[in-house]
Amino acid sequence: MTTATFSSIFSPTGCLRKDGVSSSKADTWNAKKVFVKCSVSTKTQKAEKEVRLGVLGASGYTGSEIVRLLANHPHFGITLMTADRKAGQSIGSVFPHLVSQDLPKMVAIKDADFSDVDAVFCCLPHGTTQEIIKGLPKSLKIVDLSADFRLRDISEYEEWYGQAHRAPELQKEVVYGLTEILREEIKGARLVANPGCYPTSVQLPLVPLIKANLIEPKNIIIDSKSGVSGAGRGAKEANLYTEIAEGIYSYGVTRHRHVPEIEQGLSDAASSKVTVSFTPHLMPMSRGMQSTIYVELAPGLNFKDLHQHLKLSYEDEEFVVVLEEGAVPRTHNTRGSNYCFINVFPDRIPGRAIIISVIDNLVKGASGQALQNLNVMMGFPENTGLLYQPLFP
């Protein structure tokens with residue numbers, strides 16, 4: 001373990017460092033001591049935590065965010081990490097910014113031992129998770145960050161993801177993990193499907209408004225923009241610097257896989273089928289997400305009614321902040337945090353309003369919300385380990 005050593009020389013009138021600079025509060029110290037030596041650890045120590053966690057798929061962006069967020073969690077400790085292509089490596093060798101974390105080396109999923117694990121974050125790619133989770137011990141609490149269990153209708157999953165659902169019986173017990181909306185259901189869940197990033201940014205403002213009949217559940221237009229990390233860490237030609245930099249790329253036009261997830265949540269809120277127009281765009285930034293949503297007001301209402309209702313809906317929530325009228329949410333202001341900032345504006349077209357919602361796609365849109373959900377599932381305050389303030393600039 002490495003240490004840093006600091007020395008000081010004391011005088012009756014002050015504390016002189018070796019460079020001669022005086023300390024103003026030295027007179028309250030014991031002036032008889034002329035030399036102080038202290039060792040400060042610069043390496044995170046492994047400590048026993050009451051809940052033992054496995055992180056499956058630790059070598060991806062969402063997996064690394066889980067590790068980062070858990071570093072300051074007082075109750076959760078990582079005892080298992082998997083990464084098939086990085087098996088045998090330490091987390092610090094894959095993500096140098098996590099080199100201070102004293103964690104077990106990553107292993108292949110086939111070699112994983114769950115005997116020392118109470119709960120699992122599953123950060124594996126879409127299409128691979130159903131079989132793996134189906135084979136895990138039934139005693140485990142699981143938060144799945146893939147899309148494999150988000151859609152209740154398995155035929156809809158097959159339509160949008162192009163493959164058969166491999167765990168239809170398991171799907172019946174899944175709870176969708178939009179924490180602020182489904183907290184009570186999450187409390188008693190064994191398996192939670194963590195929402196996608198776009199659906200989180202869209203449903204948090206729209207679900208309360210639709211439930212209260214303040215907007216029409218039709219003609220909803222959603223224009224969303226995401227940082228490149230939303231596409232994952234895999235090497236893809238479309239994500240190369242020269243393909244992304246200095247431009248905007250619209251993708252999944254009319255067929256993005258988050259469409260049925262968004263419509264499922266909004267339809268639940270409306271108690272009737274809701275169809276939306278949704279277009280996502282890839283932006284030349286590493287992280288961050290903004291959804292600009294155009295809605296039709298219920299008769300006789302204006303944008304202030306929507307703003308007031310959202311304020312009341314989220315006034316006791318830690319992580320959803322409805323800004324004061326006129327303040328424009330910015331992705332910079334949620335970077336690295338679990339916050340969602342929302343505001344409502346009047347549209348120039350009569351009878352319509354514009355809603356802007358911003359999150360960090362890797363935190364509130366993925367790993368942060370996953371940790372929030374597991375806190376709820378395990379009976380801890382849901383903000384535990386999540387009070388990182390946004391990083392700016």
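**Ground rules.** I number residues from 1 along each chain as its sequence is written, and side-chain values use heavy atoms, without hydrogens or water. In this predicted model local features need pLDDT of at least 70 and side-chain atom pairs count only at pLDDT 80 or more, while totals for chains, interfaces and linings use all residues.

I found Cys 197 in helix H7, residues 197-211 (helices are DSSP runs of H or I, at least four residues; strands are runs of E, at least two; both are numbered from the N terminus). Cys 197 is buried, at 12% relative accessible area (buried is under 20%, exposed over 50%, partly exposed in between, with a 1.4 Å probe and protein chains only). Leaving out residues up to four places away in sequence, I listed its contacts as His 258, Met 289, Ile 359, Asn 361 and Gly 365 (contact: heavy atoms within 4.5 Å).

**Helix H4.** In H4, residues 154-161, I noted Tyr 157, Trp 160 and Tyr 161 as buried. Down the helix axis the buried residues fall within an arc of 85°, so they line one face of H4 (the arc is that of the directions from the axis to the C-beta atoms). They pack against H3 (129-134) and H9 (259-270). Gly 162 follows H4, with a positive phi near 70°.

**His 75.** I located His 75 in the loop between helix H1 (61-70) and strand E6 (76-82). Its C-alpha atom is 8.8 Å from that of Glu 48, 27 residues apart along the chain.
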